[in-house]
Amino acid sequence: MAHRTRTGRTATGVPRPTAAADDAERAGPSFADTADFDAARRGLVASAPRTVTDARGRTVWDLGRYDFLEEGGDTVPDTVHPHLWRQGRLTAINGLFEVTEGVHQVRGMDLSNMTLIEGRDGVVVVDPLMTSEVAAAGLALYREHVADRPVSAVVYTHTHVDHFGGVLGVVDPDDVGSGRVAIVAPERFMEHAVSENVHAGPAMLRRGRYFAADAVEPGPTGRVGVGLGLDFSAGRVGLLPPTLDITRTGQEEVLDGVRFVFHMTPGTEAPAEMNFHLPGSRALCMAENACHTLHNLGTLRGARVRDARRWSRHLNEAIELFADRSDVVFSSHHWPTWGTEDIRVFLSQQRDVYAYLHDQTLRLMNRGWIGSEIAEDLPMPPGLERAWNTRGYYGSVSHDVKAIYQRYMGWFDGNPAHLWQHPPQAQGRLYARAMGGIDALIERARAFSDEGELRFAAELASHAVFADPDREDARELLADVLTRLGYGAECATWRNFYLSGAGELRDGVVPREVPPAESIVRALDVTQILDSVAIRINGPRAWREELCVDLRMADTGERYRAMLSNGALIHYPNPKGDGADLTLTLTTTQLLAVLREGNLDGVEHQGDLAVLPRLAALVDEPEADFPIVTP
């Protein structure tokens, strides 16, 4: 089945997931297999602190909100898919764990894991979680129960914020600047770490709130985790640039006396990512390339589509290079796998699921199937269907197949009837008209809901909401249908989207203050800064404006030009000739102050300063809390 949902029903009409609900479930993994629970608990040194607070006393991490997962035990609520309940219980297992001698992990204190590798004099920190408060608490847990060692190096395995954002909780920037602490990362790390925040950050953050269901309370009728981990911490995000780039597979570095052998895996789970092997410990770190779930190829929060074929091939490389030389494999999410043979099985299953999805999608695509048809009907091999680690708790077969189709074919399915469709509000009004009015449309949606055809009921009810967003009966009907779909979802992110949509329909958009990640802003180069302005220019307002600004960067020696032309801000380095309306000589930090606040302190200028307010008047601010399920 492309996406697993519950098919039984309770007396209230809520779909009930039972492991034996249909043949696909019966052919799935066995709940009698408790190996994952044994592995997730193995090596426990100390439990994680129940809460972590910031300097103002605000709670940024609260394990108590997920006590229901342990209290419920093996009794699965009617409102949660059994597989997702199991995954939630596994990700709630928390604390400091010994992976092997000299290697520990902090798990269950953020979405990701932090790994601590004992060196000659200090400790090497790998992936310091998402925010500084939880990273500091995790390091304190290690120092209390293992050894009070200084941090000698930090390794970022890849460019997602939950793997670098807590760095300021484990190191002092001055120690990095002086060379006392190295920061190691794959090449082009900084480019990719900040690019998402520049180009699509606000939209991705808004959808990310649905992805994580941050407005939905944890519980059997709410959030049960994210599939990849329990939750996201809510502290301070930071970033320190790498001081040592890893550029090739086989590159070896000795960090605090520990030999690391790196394996480059660009274009897999992240555009810049790397695994590493510790020969002295016979331990393999797979970054986020092999976790105990099917991962995303096209994430619901939004990102560029990932290359399933390349991902599979890099997993095979890891098997060939390191499997026979490893006694344990660990990742930056979930729990380790011990034993050379079990490592081979785990990595092979992960390899095979991405290869299978890629190849079968292309096979059927080249026989005339479109993405939604492939996603609906693609059967999975029994060997992968029965493996817990290839089930879709974070990604799903359904949306991964659609992502592969999109990567090769784009958004258009080839049917000319779909080439120029109306946007949602216009569609809603036309559907209402076609059905004989909004009342008839709502009743049709309700009838499909009553007969259990929830997917089409959601489609019709959504048209009704967009046709008349003030109709409370339409909003409540859609909210009820989305809730029932959420309760039936095996995939945590599907559940979170459904329940977040239901909450927005009932309560409206819940505003959330997101503090700016100043260290990420300060890491932007001039091109990225100017990109961030260009994508905020209100084109129609700028159609008839013409202006040109030259920038002479005092800190880097670079020169840039930015000019408005036909509503677009064109910018490039090393401009030829003069003729700018305004020339500014300044540092990158001063450029940020000019653009954000109009602050010209210490900035040299030649030409017309009135250009700056003219440019500022054309810049739109992004909307942080735009509606998703209503117009």
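This is a predicted model: local features need pLDDT of at least 70, side-chain atom pairs count only at pLDDT 80 or more; totals for chains, interfaces and linings use all residues.

Modeller: Residues are numbered from 1 along each chain as its sequence is written, and side-chain values use heavy atoms, with hydrogens and water left out.

Two packed helices are described by the angle between their axes and the distance between those axes. Helices (H or I, at least four residues) and strands (E, at least two) are DSSP runs numbered from the N terminus. Axes are lines fitted to C-alpha atoms, for helices over the stretch in contact, and angles run from 0 to 180 degrees between N-to-C directions.

I begin with helix H9 (residues 308–322), which packs with helix H10 (residues 340–365) at an angle of about 160°, their axes being 8 Å apart. H9 and H10 are therefore roughly antiparallel, in a scheme where angles under 35 degrees count as roughly parallel, over 145 as roughly antiparallel, 65 to 115 as roughly perpendicular and the rest as oblique. Their crossing is left-handed, a term used if the near helix is turned anticlockwise from the far one by less than a right angle, with right-handed used if it is turned clockwise. On the H9 side, the residues that meet H10 include Trp 311, Leu 315 and Ile 319, and among their partners in H10 are Leu 347, Tyr 354 and His 358; contact here means heavy atoms within 4.5 Å. By class, the contact of H9 with H10 has seven nonpolar, five polar and three charged residues, where Ala, Val, Leu, Ile, Met, Phe, Trp, Tyr, Cys and Pro count as nonpolar, Asp, Glu, Lys and Arg as charged, and the others, Gly among them, as polar.

Helix H16 (residues 454–467) and helix H17 (residues 472–487) have axes that come within 9 Å and cross at roughly 150°, and the two are therefore roughly antiparallel to each other. H16 passes H17 in a left-handed crossing. Ala 457, Ala 461 and Val 465 are among the H16 residues that meet H17, where the partners include Leu 478, Val 481 and Leu 485. The contact of H16 with H17 divides into 12 nonpolar, one polar and three charged residues.

For helix H14 (residues 424–435) and helix H15 (residues 438–450), the axes come within 7 Å and cross at roughly 90°, which makes H14 roughly perpendicular to H15. Here Gly 428, Tyr 431, Ala 432 and Met 435 in H14 meet Ile 438, Ala 440, Leu 441 and Arg 444 in H15, and the residues of this contact comprise six nonpolar, one polar and one charged.

Turning to the rings, those of Phe, Tyr and Trp (its six-membered ring) pair if their centres lie within 6.5 Å, and planes under 30 degrees apart count as stacked, over 60 as edge-to-face and the rest as tilted. By this rule there are 16 aromatic pairs. In one of them, Phe 448 and Phe 456 have ring centres 4.9 Å apart and planes at 90°, so the pair is edge-to-face. Phe 448, at 25% relative accessibility, counts as partly exposed, as does Phe 456 at 31%; buried means under 20% relative accessible area, exposed over 50%, and partly exposed in between (1.4 Å probe, protein chains only). The rings of Trp 494 and Tyr 498 have centres 6.5 Å apart and planes at 75°, so this pair is also edge-to-face. Both residues lie in helix H18 (residues 492–507), four residues apart, or about one turn of the helix, and Trp 494 is buried at 15%. Elsewhere, ring pairs link Phe 260, Phe 262, Phe 276 and Phe 330 into a cluster.

Finally, Leu 564 is found in strand E20 (residues 559–565) and is buried at 4%. Leaving aside its neighbours within four places in sequence, Leu 564 is in contact with residues including Ile 537, Leu 547 and Leu 618.
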